[in-house]
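Please have the sequence and the model open while I talk.

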Amino acid sequence: ISLSDKTDLANLGNGLESLGFSIISTGGTASSLEAAGVNVTKVEHITNFPEMLDGRVKTLHPSIHGGILARRDQEHHLKALNEHGIG
């Protein structure tokens, strides 16, 4: 989750968490979620790379987009995710 408008962010985070989702978030959004008591993993812990260019580059990384773009119905996609430790 990465939002500029934090209105109702705590409700979103708590709702997703109650449905069993793990929350990955960036910068200020992660801080706001943590302040609201939502369990959150900061994106830099997934990518092992800090935000850069004034926060404009933070999620452009195979560890993030691999998990988003993989086709779960394709065994070779799942194998590639597993080989690279992408959840």
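Let me begin with glutamate 83 and lysine 79, which are both exposed, where exposed means over 50% relative accessible area, buried means under 20%, and partly exposed lies in between, using a 1.4 Å probe and protein chains only. Before I go further, this is a predicted model, in which local features need pLDDT of at least 70 and side-chain atom pairs count only at pLDDT 80 or more, while totals for chains, interfaces and linings use all residues. Residues are numbered from 1 along each chain as its sequence is written, and side-chain values use heavy atoms, with hydrogens and water left out.

Glutamate 83 and lysine 79 form a salt bridge, with the closest N and O atoms 3.9 Å apart; the term requires a side-chain nitrogen of Lys or Arg within 4 Å of a carboxyl oxygen of Asp or Glu. The two residues sit four apart in helix H5 (residues 75–83), so about one helical turn separates them; helices here are DSSP runs of H or I with at least four residues, numbered from the N terminus.

How many salt bridges does a search of the whole structure find? It finds three. Another of them joins the side chains of arginine 71 and aspartate 73 at 3.1 Å, N to O, with arginine 71 partly exposed at 44% relative accessibility and aspartate 73 exposed at 57%. There is also the pair of lysine 42 and glutamate 34, at 3.9 Å, N to O, where lysine 42 is partly exposed at 25% and glutamate 34 is partly exposed at 38%.

Turning to the domains, the chain is divided into domain 1 (1–45) and domain 2 (48–86), with bounds that come from an automatic or database domain assignment. Their contact, meaning heavy atoms within 4.5 Å, takes six residues from domain 1 and seven residues from domain 2. Together the domains bury about 470 Å², 56% of it on carbon and sulfur atoms, buried area being the accessible area (1.4 Å probe) that two parts lose on being put together, summed over both. On the domain 1 side, Thr26, Val43 and Glu44 supply 73% of the area buried against domain 2, more than any other three residues.

Finally, helix H3 (residues 43–47) gives the most to the side of domain 1 that touches domain 2, namely three residues.
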